[in-house]
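Please read this briefing alongside the sequence and the coordinates shown below.

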Amino acid sequence: HADAAMYEAKRRGRNNLVLFAEALGESSRQRLQLQQDLRRALEQQEFVLYYQPLVELAGGRVVGAEALIRWRDPQHGLRSPAEFIPYAEESGLILPIGAWVLQAACRQAQAWAAQGLDLQVAVNLSTRQFQDPEIVAKLRSILANSGVDPCRLELEITESAAMLDPEASIRTIGALKGLGLQIAIDDFGTGYSSLNYLKRIPADVIKIDQSFVRDLATDPDDAAIVRAIIGLAQTLGRRCLAEGIETAEHFQTLQRFGCDYGQGYWMSRPLPAAEFEALVLEQPCFLATGNLAPVS
Ligand code: C2E
Ligand code: MG
Ligand code: MG
Ligand code: MG
């Protein structure tokens, strides 16, 4: 939007600043509107969690789910996090929204455990949540209120968030692990990790970003990077998960590379809780032949 205004201002050749400022004014009005809508969404409980299967590649079993937020906006329909998480982050609303996500995910994890389902639930923590000085205390109380076994909950922190202040991250992640939680480094490969810090960050899982998986079969560089990350994870004693598995070939290749887990549209899109549950209850096993077969 601002780009278009800038272009128009250049074309006219004068009053550039005025036009540009107007464009920014409008977009900041829109941002304000969105923030108001997000506040209402929180009050009216318009947010919902979808769940995407996390699959053990060797046996094809579903071992857990990543909780992914959606917004049932009465005006615009189902909205994806890319449309609103940045504004929630900018306005600080991510803290109450993130707390809601954690509560809802813990409640769901506990409900599944009570049903006898052995599932891990992974939750994304935003940068601001991760940097919140109260995060450990907040998690302690959310865990206590939900009654969930902390080892069922996995917190995903992006590599970029973790590397903003590596020393602080090592302390925070250590404290979160002290609560009994699992920790995953999300979108790995897109940030700038110092291997020295990666070694010291006590994460359990490294999630390979989907941008390296997409062209795995055709781009030898991407294949080499993926193999290197898997090797690095093995060397450091961490488990490894590949995001964005969209084809049987992706699945097979990652299996062959020795990657522990995967997630992606080829197995399943993120689903509403009841649909995810139905999928797991049928005891599905994702096989690289491209078929969904029951576990024998
Ligand atoms: P992420 O944590 O890396 O989550 C994975 C994203 O990849 C999800 O997008 C998922 O739907 C998508 N995905 C899964 N499999 C495939 C595939 O095979 N191909 C492709 N192209 N995409 C796939 P989604 O749900 O739109 O979420 C986008 C991002 O929004 C997430 O990336 C995460 O950073 C953020 N996000 C989602 N839910 C939350 C939340 O509750 N809190 C916070 N702070 N951030 C969230
Ligand atoms: Mg994630
Ligand atoms: Mg990711
Ligand atoms: Mg991502």
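In what sense do β7 and β8 pair, and over how many bridges? The two strands pair in the parallel sense over 4 bridges, where pairing requires that DSSP finds at least two bridges between two strands. This is a predicted model, in which local features need pLDDT of at least 70 and side-chain atom pairs count only at pLDDT 80 or more, while totals for chains, interfaces and linings use all residues. Residues are numbered from 1 along each chain as its sequence is written, chains are lettered from A and ligands numbered from 1 in the order in which they are written, and side-chain values use heavy atoms, with hydrogens and water left out.

**Overall make-up**

- The secondary structure of the protein chain comes to 13 helices and 12 strands, these being DSSP runs numbered from the N terminus (helices are H or I with at least four residues, strands are E with at least two).
- Of the 296 residues in the protein chain, 47% are buried, meaning under 20% relative accessible area, with exposed set at over 50% and partly exposed in between (1.4 Å probe, protein chains only).
- Among contacts in the protein chain with a separation of 6 or more, 65% come from residues 24 or more positions apart, a contact being heavy atoms within 4.5 Å.

- On the β8 side, R239 is the bridge partner of V205.

**Helix α8**

- Helix α8 (residues 166-178) has 13 residues and reaches 18 Å from its first C-alpha to its last, close to the 18 Å expected at 1.5 Å a residue, the expected span being 1.5 Å times one less than the number of residues.
- The buried residues of α8 are P166, S169, I170, T172, I173 and L176, and what covers them includes α5 (127-131), α6 (135-146), β5 (153-158), α7 (159-164), β6 and α9.
- G180, whose phi is positive, near 100 degrees, follows α8.

- D186 lies in strand β6 (residues 182-188) and E243 in the loop between β8 (239-242) and α12 (248-257), so the pair ties together parts that are 57 residues apart in sequence.
- D186 also bridges this ion and the magnesium ion (ligand 2), and the two ions lie 3.9 Å apart.
- D186 is buried, with a relative accessible area of 5%, and E243 is buried, with a value of 8%.

**Cysteines**

- A search of the whole structure finds 0 disulfides, a disulfide being a pair of cysteine sulfur atoms within 2.5 Å.
- The sulfur of C106 is 12 Å from the closest cysteine sulfur, in C151, too far for a bond, and C106 is buried, with a relative accessible area of 0%.

How values were computed. Donors = N, O, S within 2.8 Å, 3.2 Å for Na, K, Ca; no water.
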